[in-house]
Amino acid sequence: MPHELAMAASMDAEDAIALLQLLAKDHVVSLQFLVYHRDCPSDVPRAPIYVQAFTDGWPLFPLQCDECDEPIQADEAEIQLSARIEGRLPRFNVAAK
Ligand SMILES: [Zn+2]
């Protein structure tokens with residue numbers, strides 16, 4: 001989701017993540033970390049192995065993959081990290097003056 005925001009707003013991924021963190025910090029949105037097991041040998045469709053609110057901090061590793069039962073370290077080779085907004089962004093009435 002940060003990557004889609006970055007592309008849509010012509011910003012880099014780090015700026016998109018920083019913007020999302022700022023919105024979450026001010027409780028404008030509720031953000032969740034999504035942790036995927038990058039090379040899971042399971043045949044099931046890819047789903048996050050762990051979901052945690054941004055406000056609860058960084059996920060604690062190692063995590064356990066529910067699909068293949070392997071322990072997952074916080075290593076970029078083992079995980080794919082994403083984020084999503086829970087709910088919708090608020091709409092503001094911006095009237096032209
Ligand atoms: Zn797995």
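Phe92 is exposed, having 5 other C-beta atoms within 10 Å, where a residue is called buried if 20 or more other C-beta atoms lie within 10 Å of its own, exposed if 12 or fewer, and partly exposed in between, with C-beta atoms placed from the backbone. Phe92 belongs to the segment after E5, and its C-alpha atom is separated by 15 Å from that of His27, a residue 65 positions away along the chain. The model discussed here is predicted, and for this reason local features need pLDDT of at least 70 and side-chain atom pairs count only at pLDDT 80 or more, while totals for chains, interfaces and linings use all residues. Residues are numbered from 1 along each chain as its sequence is written.

The protein contains 2 helices and 5 strands, and these follow one another along the sequence in the pattern α-α-β-β-β-β-β; helices (H or I, at least four residues) and strands (E, at least two) are DSSP runs, numbered from the N terminus. The radius of gyration, taken over C-alpha atoms, is 16 Å, whereas a compact globule of 97 residues would have a value near 13 Å, the globule rule being 2.2 Å times the number of residues to the power 0.38. Along the principal axes, the C-alpha trace spans about 60 × 25 × 20 Å. Of the 97 residues, 12% count as buried. Among contacts between residues at least 6 apart in sequence, 46% join residues at least 24 apart, a contact being defined by C-beta atoms, placed from the backbone, that lie within 7 Å of each other.

Helix H2 comprises residues 13-25, and its 13 residues reach 18 Å from the first C-alpha to the last, close to the 18 Å expected at 1.5 Å a residue, where the expected span is 1.5 Å times one less than the number of residues. Just after H2, His27 adopts a positive phi of about 60°. Ser10, which is found in the loop between helix H1 (2-8) and H2, likewise has a positive phi, of about 55°, although it is not a glycine. Ser10 is exposed, with 7 other C-beta atoms within 10 Å.

An open sheet is formed by 3 strands in the order E2-E1-E5, with antiparallel pairing, two strands being paired if DSSP finds at least two bridges between them. Strand E2 (50-53) and strand E5 (79-86) stand at the edges with a single partner strand each, so one side of each is left without a neighbour in the sheet. From one strand to the next the twist averages 25°, with axes taken as lines fitted to C-alpha atoms, for helices over the stretch in contact, and angles running from 0 to 180 degrees between N-to-C directions. Strand E1 (residues 30-37) pairs with E5 in the antiparallel sense over 8 bridges, and within this pairing Leu81 of E5 is the bridge partner of Val35, while Leu34 stands opposite Ser82. The antiparallel pairing of E1 with E2 extends over 4 bridges, and there Gln32 stands opposite Ala53.

Val35 is also one of the 6 residues of the largest nonpolar core, together with Ile49, Tyr50, Cys65, Ile72 and Ile79; such a core is a set of buried Ala, Val, Leu, Ile, Met, Phe, Trp, Tyr and Cys residues joined through C-beta atoms within 7 Å. In soluble globular proteins, nonpolar side chains tend to be buried together. Ile72, located in strand E4 (residues 71-72), counts as buried because it has 21 C-beta neighbours inside 10 Å. When neighbours within four places in sequence are left aside, Ile72 is in contact with His37, Ile49, Phe61, Pro62, Leu63, Cys65, Glu78 and Ile79. By contrast, the C-alpha atoms of Ile72 and Arg84, 12 residues apart along the chain, are separated by 21 Å.

Two of these contact partners of Ile72, Phe61 and Pro62, are joined by a cis peptide bond with omega near 0°. Pro62 lies in the loop between E2 and strand E3 (63-64). In the loop between E3 and E4 is Asp69, a residue other than glycine whose phi is positive, near 65°. Asp69 counts as exposed, with 8 C-beta neighbours inside 10 Å. Most residues other than glycine have a negative phi, and most peptide bonds are trans.

Methods:
Contact = placed C-beta atoms within 7 Å.
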